[in-house]
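The opening point takes up one pair of residues, and the later points widen the view.

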Amino acid sequence: MFKIAIVSAAGGVGRSTLTASLATLLSQRKIAVLTVDFDPQNSLSTLLGSDEVSLGGLLPDFLTGKEFGMSALVNSNEVACLPFGRSNEVSLVTFEQHLRTEPEWLKQCIVQINYPPGAFLLMDTPRLPSPYARQAMVAADLVIAVLAPDARSLALLPAVEAALTRCNPGCQLIYVMNGLDSTRALQSDLLAQFRSALQMRLSPYPIHRDEAIPRAVANWANLQSLSPDSLVAHDLNGLLSWLLAGPASNLDGRAKI
Ligand SMILES: Nc1ncnc2c1ncn2[C@@H]1O[C@H](COP(=O)(O)OP(=O)(O)OP(=O)(O)O)[C@@H](O)[C@H]1O
Ligand SMILES: [Mg+2]
């Protein structure tokens, strides 16, 4: 299983949206995919069409001693998602303490999942620094850091590098820009600055700002089926092809569903 952690140092930059979109595209290409919503917000589970978080999830399963992964749900696009599940202040404190004392907890849980060898696992996380993002980075073969086209994401680049170096120094790190408006000169200038700082580690496929995304979310619809000709659908397909040909290509015989 090829494991990808989706992280960022800034909040609200599109991590959950990107995770859900890539998972759906992988499934459309007949590549088995499991997503883990490793964020108490449960945003990924919602994006992937599950309103059943009250039924279970990785936190409730942890607290009741159930096997990891038992609460995964499969949506109509064949994307499996393990929700975080319902939480409260007390359960979060208990869980986060456990994550801090057992930095490889998620990694060890994932090893036990019975999935086809060539499948993908995508992990959504809260913004850095967080014990959830740290666990996902420790477990990952590849970390995708999502950037907004703004000065804040540029200033926070060293924070992402440092966080990964501390917990999984050998891990591949690549960057994806999300929410680009090419008509704004400042954003194009910033993209050039990101390119010069990150070189080949920045995906050549920025994801443009596109109203198709919030519209799809508002309609509980799958982005690809709602607007297959949208600019953002084109961007996402380009990004996935780039990932499969490069950063995520070192798989032995990627499995078909
Ligand atoms: N390319 C895009 N174009 C337009 N809107 C977008 C795009 N990407 C994400 N959004 C919107 O931006 C908002 C934030 O996206 P998302 O929840 O995926 O970010 P996040 O990084 O996971 O946020 P959080 O820090 O809350 O976890 C959502 O309303 C989403 O619909
Ligand atoms: Mg999110």
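1. In strand S5, the bridge partner of Ala5 is Met123. Ala5 also stands opposite Val143 in S6. Helices (H or I, at least four residues) and strands (E, at least two) are DSSP runs, numbered from the N terminus, and two strands pair if DSSP finds at least two bridges between them.

2. This is a predicted model: local features need pLDDT of at least 70, side-chain atom pairs count only at pLDDT 80 or more, and totals for chains, interfaces and linings use all residues. Residues are numbered from 1 along each chain as its sequence is written, while chains are lettered from A and ligands numbered from 1 in the order in which they are written.

3. Strand S1 pairs with S5 in the parallel sense over five bridges and with S6, also in the parallel sense, over four bridges. Six of the six residues of S1 are buried, a residue being buried if 20 or more other C-beta atoms lie within 10 Å of its own, exposed if 12 or fewer, and partly exposed in between, with C-beta atoms placed from the backbone. Both faces of S1 are covered, with Phe2, Ile4 and Ile6 on one side and Lys3, Ala5 and Val7 on the other.

4. Which order do the strands of the open sheet follow? The eight strands run S3-S4-S2-S5-S1-S6-S7-S8, with mixed pairing. Strand S3 (73–74) and strand S8 (207–208) are the edge strands, each pairing on one side only. Strands of a sheet pair through backbone hydrogen bonds, either parallel or antiparallel. S2 (residues 33–37) and S5 (residues 120–124) pair in the parallel sense over five bridges, and Val33 stands opposite Phe120 in S5.

5. Helix H1 packs on the sheet, touching strand S1 (2–7), S2, S5, strand S6 (142–147), S7 and S8. Contact here requires C-beta atoms, placed from the backbone, to lie within 7 Å. The direction of H1 makes about 165° with that of S5; axes are lines fitted to C-alpha atoms, for helices over the stretch in contact, and angles run from 0 to 180 degrees between N-to-C directions.

6. Around ligand 1 there are 20 residues, of which Gly11, Gly14, Arg15, Ser16 and Thr17 come nearest; a residue is near a molecule if its C-beta atom, placed from the backbone, lies within 6 Å of it. Helix H1 (15–28), strand S7 (172–180) and helix H10 (212–218) each supply at least two residues of this shell. The shell divides into six nonpolar, ten polar and four charged residues. Ala, Val, Leu, Ile, Met, Phe, Trp, Tyr, Cys and Pro count as nonpolar, Asp, Glu, Lys and Arg as charged, and the others, Gly among them, as polar.

7. Most residues other than glycine have a negative phi, and most peptide bonds are trans. Lys30, which is not a glycine, has a positive phi of about 65°; Lys30 is found in the loop between H1 and S2 and is exposed, with 11 other C-beta atoms within 10 Å. Glu78 has a positive phi near 65°, lies in the loop between S3 and strand S4 (80–82) and is partly exposed, with 15 other C-beta atoms within 10 Å. A cis peptide bond, with omega about -10°, joins Leu128 and Pro129, and Pro129 is found in the loop between S5 and helix H6 (131–139).

8. For the protein chain as a whole, the secondary structure comes to twelve helices and eight strands. Of its 257 residues, 44% count as buried.

Technical notes: Contact = placed C-beta atoms within 7 Å.
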